[in-house]
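Today I am looking up pockets and what lines them.

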Amino acid sequence: MDPIRNPYAPGAGTPPPELAGRDEIRETARIALERARIGRSSKSIIMVGLRGVGKTVLLDRIKQDAATDSILAVSIEAPEDRSIPDMLAPHLRNALLRLSTRENARQQAQRALRALTGFVRAFRVNYQGVELSLDFEPEPGLADNGDLEVDLPDLLETVGYAAKSAEACVALYIDELQYVRDNELAALITALHRTSQRQLPVIMLGAGLPQVRSNLGEAKSYAERLFLFPEIGPLSQSDARKVIAKPAQIEGVEITSDTLDAIIRITRCYPYFLQEWGFHLWNVADSSPISIACLDAASQRAISELDSGFFRVRFDRLTPQERNYVRAMADLGEGPYRSSTVAEKLNRNVQFFSPTRDNLISKGTIWSTTHGYIDFTVPMFDEFLRRVMPGDDWRSAQ
């Protein structure tokens with residue numbers, strides 16, 4: 001098969017050729033955005049799920065679906081080392097400058113820009129290593145106190161009034177929400193609560209690992225009433241077949257039914273893995289129809305690629321003790337795992353590993369499924385760990 005014509009797209013946040021099985025959440029987001037725009041009650045949406053289920057792709061598609069002059073996108077990814085003020089301020093500036101060109105919103109947008117100026121100065125906002133500055137005089141006492149839980153609600157409220165004047169909506173698209181610091185998460189929730197109470201057209205559409213739900217609940221007790229938390233998981237078998245079969249068919253290539261069944265079984269219908277297997281299956285095949293005889297070679301390539309990239313980058317971030325801890329989890333088979341059982345596997349009490357477990361959660365490697373239980377945030381990570389740390393040598397490293 002011609003590798004140049006390979007239709008599959010494994011990659012971080014890379015749009016797949018066929019986005020199947022996500023129509024319901026896209027429609028939910030469309031309705032929420034439009035309701036917010038016209039001043040109707042609308043909950044913000046936070047999509048939660050494991051790595052590799054396509055949250056980033058879906059968030060970006062929702063943003064594309066709503067790409068009109070009446071929906072102003074403020075799109076950020078929350079890394080572990082940047083603050084909410086640093087991330088939000090430059091993008092809010094751009095949105096407000098666009099609003100300030102509209103006659104019916106100019107006055108409110110300029111006030112919001114003055115609020116943003118005070119906010120930027122109070123928090124010494126940096127953008128690409130340079131302290132951000134705006135060509136507006138701040139309004140004393142407006143979003144400039146230096147207390148994020150006071151200033152961010154004031155700022156988003158003024159932004160909301162500017163958007164309302166323009167009959168527009170400001171949509172905050174925030175990916176990797178699990179990395180937002182607790183105090184900043186509390187301030188963000190408070191700000192969105194304020195705009196919701198005022199019926200202002202500001203809404204957040206976010207994505208994060210499963211622990212985001214508990215993070216939000218711990219930050220503010222009313223968070224569960226402010227957000228929808230749709231779970232993004234593996235595709236149905238029928239949608240998974242479509243994801244593999246349809247892109248090939250567009251290229252005039254057929255994949256046999258037994259081959260599709262085998263891919264579904266191996267990948268467990270996880271979107272990222274489907275793209276990986278589809279990509280390598282195409283490259284090892286000689287002609288159409290692609291048969292199951294090609295699958296072994298494709299699987300070897302796919303697993304090698306995952307081991308050197310998708311899995312390895314997460315493994316390399318771990319300390320030796322953290323690696324032994326997750327290897328003990330993997331030794332227990334499929335999760336979820338009781339924390340006390342993992343500790344017993346390592347001949348220690350559960351309290352000894354509390355810091356290790358907390359570090360692994362903060363790194364996004366594992367998450368707490370329920371009280372006392374943990375699991376991997378990366379599908380099939382247990383299989384990788386058994387490959388990369390074979391035998392029992394890891395036990396002696398304790």
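How much space lies in the second largest pocket? I looked it up in this predicted model and found about 400 Å³.

**Second largest pocket**

I listed the lining next, and it has 16 residues. Closest to the centre I noted Gln211, Ser214, Asn215, Glu218 and Ile361.

I wrote down its span as 212–219. I also noted α16 (354–362) and β9 (366–370), as each of these, like α7, supplies at least two residues of the lining.

I sorted the lining of the second largest pocket by class and got five nonpolar, six polar and five charged residues.

**Largest pocket**

I turned to the largest pocket and read off a volume of about 840 Å³. My list of its lining runs to 43 residues. Which of them lie nearest the centre? I found Ala12, Gly13, Gly52, Thr56 and Arg314 there.

For the elements, I noted that α2 (55–65), β6 (202–208), α11 (271–284) and α13 (312–315) each bring at least two residues to this lining. The largest share comes from α2, and I put it down as four residues.

Last, I checked the classes for the largest pocket: 20 of the lining residues are nonpolar, 12 are polar and 11 are charged.

**For my next page**

Definitions and conventions: Residues numbered from 1 in each chain as written. Predicted model: local features only at pLDDT ≥ 70, side-chain atom pairs only at ≥ 80, totals over all residues. Heavy atoms only, no water. 1 Å grid on protein atoms, 1.4 Å probe; cavity = no way out; pocket = protein on both sides within 12 Å on 5 of 7 lines; lining within 4 Å. Points joined across faces, edges and corners; volume = space filled by probe spheres on them. Nonpolar A, V, L, I, M, F, W, Y, C, P; charged D, E, K, R; others polar.
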